[in-house]
Structures are given as structure tokens and as C-alpha cells.
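Biologist: Can you walk me through this model? I'd like the interface, then the cavities.

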Amino acid sequence: MKYHVPMPSLGADMDQGKLMEWKIKAGDEVKKGQAIAVVETTKSTVDIESFREGKVLELVGKIGEQISVGAPIAIFEVEGSDLAPSAPEATKEIRLKVSPAARKLAQERHIDLTTIKGSGPEGQIELKDLETIKTPEKSGVNIREAIARAMSKSKKEIPHYYLKSQVPLDALMNWLDGKNQQLPPEKRLMLPVVIYKAVIDSVKESPLMNGYYEGGVFKPSSSIHVGLAIALKSGGVLVPAIIDADKMSLTELNAAFLDLVERTQKGELRNRELTEGTFTITSMGDLGSDEVFGIIFPPQVSIIGLGRMHRAPVIDGSSIRIGIVMNITLSADHRVSDGLNGARFLSHIENKLKNPDQWEGKL
Amino acid sequence: MNVEEIKNTIRSIFHETAPEIEFDKIQMNRPLRDQVEIDSFDFYRMMVKVNQQTGVFIPDSEIARFSNLQDLMNYLNEHQKS
């Protein structure tokens, strides 16, 4: 039977994607998970993977074309009849009629054709319709719009509550110094990754923090795909996820993080990484503020904020010493969990960071 | 390595890792992050290269104490193997 491959949604804020490259051709046999196309969104360039196995009958989408989410980009011949949505009528109508000259100009000037009203036959967009359109100055404009949309949706719909713990990191740093001294330089473990590991392990014990709130119902996730807010050198922020982070050792998580940051900066992410995060960590790094209260990335239900590591008085029994501390915050969805659940989650994280020996033999 | 050689090594690592930064405009005694934007990922890659090229391992607890590039150079100068 025929299967219409839809333009996937690569985030709550995505309405359409621009087809940049085909990685398949008519007649190819495609496996599930195989990269079939490269799509540019307002945020990044992403490899689109196939969700079905089958034979390519037709490539419907044209290179350079802006295609609405849900509209077909290709047609496959697949086995069976389940899960085989045909192209919805509404999305068929969204396909734009554009003259070749107008399409070329739009591509050169980065004009979003879906925002243009065509004056030609059957609403076709002609060259003259584009002549008065101002060209976006740089891609940073679009990424700002994408962030604005996602964060506005979150603040409008999600009743956030916020908690904070100040966690001493001296024991963790001493443990990490000892480990890194024994490792070759290129295998060095990053301090932030060790903190991510503590958070991921704590999520396993706090299932109300991990999953999606959709259609008025919380759907917990059995997998943990940790979204990480990464500042782009070109401006803006992306939140790609490390898939199945809970199944990784500390060493594997370290390698996965380095790979993810590098591919994020190069614009080489996979669609799963942008769509399947089950909760998020945002980190101030060494810059900026001592604490950050994140805005939940919908439809997720929690976000952990890691402030800048800094020196502060720490009470040890009856004495006070200067220690290295980090403020760790939680923003969580009150439709799903209560402050007590959140406090337990933060407490799990704190205990793990104070007792790094738990990772002995599990690197 | 003498002090000048240590500085040249750090300059070359900056050029490789963060070519957008003009190393020679950085004031050694002022906090690095007040002068240039450098994220924790780039800083990590620099520390890996410093270790590989000088043979000196710098623990995270020491890095946390550095307030500028002069502190880093002093640490390398004091800990390099003769």
C-alpha cells in the first residue's frame, strides 16, 4: 500500500520546514531509521529519518520548497495497512503555487513563501508579488521568533512552580580530579556531564518529571531523553536531546554530550534529537548568573536549571568553611506534580552529587 | 618550556579551538570571561589540548580557582615536568 511520508514536526514551534536535500531516490529500498532528507527549520538543519520501511515511489517535495508540517514530502510502497496515514486534504491545499522565477528569488532572499498572497492564476505567487518584500536580515531573526513562540506557549499554558537547592560540590570535584588524573586527556570527564548524570539518575526515581502533558493528560515516558539547552555561536539556543541517556555510563554520556554539542554547532542534528526530549537541563556554565529558573519546553513537564559554580560559605556540622557550590533549580508543571514531588527530586540530585563514590566501578 | 613558550602554546591552542578570539588583545591579568565569550565546551577542549601539549594535568578544582590567563600560565610554569 502507499504511505505518504509527512514533513515531521521538529518542535512545538515548527509550522513548516524547507527541503534542502534528498538522500534517497525513486526506486530505493528504505529502512526504518534511515536518513531520507535534510530539512532546514528556523532553528537548524536536520536529517529526517524514515519511520517506515518501504520502497520509494515518488519524491513529492522539491529542493528549496517550504513544506507545511504534515504535508507529504514523498510516497513509499509499504507492507501492511496499519499506521498508514494518507495526506490530509487540508495539507494538500497548503502546497503553494509559485512561478519558477518567484521561487528562485524567494530562495535567494530567504523569503518565506507561505506568508505571501499570490496575485497570479489560482493564487500563484508571481515575481511581482515578491518585489516589495523586505529580506530577513539574518537567520537570527527567525530563531528569535521560534524561541518566542515556544516560550510564550509555555508561559501561557503551563502553571510553573519553582524550587531551589544550593549543593556543595567539593566532594564531587575531588572525586572527579582523581578520576581525570588517571584518564588520557582526550577521555577527560566534563564536570557538567557528571552533574547531568546525577540528574538523569534522579529522574529514574521521579517519574512525574519525565514525559509529556498533551490533551489534558500526563503521559510519563519510560525512556529518558535529556534535552540540553545549547547556546549557538550564531545566536539563539537549541535544545537537542541525548536519546536513551539513562542507559549510558558516565563515559558514554560524556562522549554523547561532546558529540551533540559539536553537531549542534555545525547544524547536523537528527530529527529525533529535536523532537523526543522528555525533560530538559539548562546550564549557565561559567557565564552569567548564580541561578537560573528555566521555562519548561512544551509538552515536557520539567526543566532543571544549573547556575554558575561559585564559592560560598558552607556549614559543616558546627563550623563554617568556604566551599564550591552550585544552585540547582527545578521548574515543574503543577498540573502534573506538586512541590513535595519536586523537592524529593532535587533531594535525590543533591544526594548523588554529595556521594560520587556511587559511580565507582560504573564509569 | 619558558614563560614565553607557554604563552605561545596557549596562543596556538586558542587559535585552533576558538579562532574567532583575538588572543593578543586579551589582557592576562583581567578575568578572561570579561573580555571574550568562551563557552564551557570550548574551554574543555582547550584544557584537553593544554594537557596533551604540555603534559600538565589541571584538575577542575584548580581551574575553578583561576581568575585569569596569568593564573593558568603560572600553574603550567610551576607544574611542568623538567
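This is a predicted model: local features need pLDDT of at least 70, side-chain atom pairs count only at pLDDT 80 or more; totals for chains, interfaces and linings use all residues.

Biologist: How many residues does the contact take from chain A and chain B?

Modeller: 23 from chain A and 20 from chain B, with contact meaning heavy atoms within 4.5 Å.

Biologist: What area is buried between chain A and chain B?

Modeller: About 1,900 Å², with 59% from carbon and sulfur atoms. That is accessible area (1.4 Å probe) lost on putting the two parts together, summed over both. In chain A, A:Asp177, A:Pro185 and A:Arg188 lose the most, together 31% of what that side buries.

Biologist: Which side chains meet in a salt bridge?

Modeller: A:Arg188 and B:Asp60, at 3.4 Å, N to O. The count between the chains is 1. The rule is a Lys or Arg side-chain nitrogen within 4 Å of an Asp or Glu carboxyl oxygen.

Biologist: Switching topic. How much space lies in the second largest cavity?

Modeller: About 40 Å³. A cavity is a set of points on a 1 Å grid over the protein atoms alone where a 1.4 Å probe fits but cannot get out; lining residues have an atom within 4 Å of a point. The volume is the space filled by probe spheres set on the points.

Biologist: What lines the second largest cavity?

Modeller: Residues including B:Ile10, B:Phe43 and B:Leu72. H3(B) gives the most, with 4 residues.

Conventions:
Residues are numbered from 1 along each chain as its sequence is written. Chains are lettered from A and ligands numbered from 1 in the order in which they are written. Side-chain values use heavy atoms; hydrogens and water are left out. On a 1 Å grid over the protein atoms alone, a cavity is a set of points where a 1.4 Å probe fits but cannot get out, and a pocket is an open set with protein on both sides within 12 Å along at least five of seven lines; lining residues have an atom within 4 Å of a point. Helices (H or I, at least four residues) and strands (E, at least two) are DSSP runs, numbered from the N terminus.
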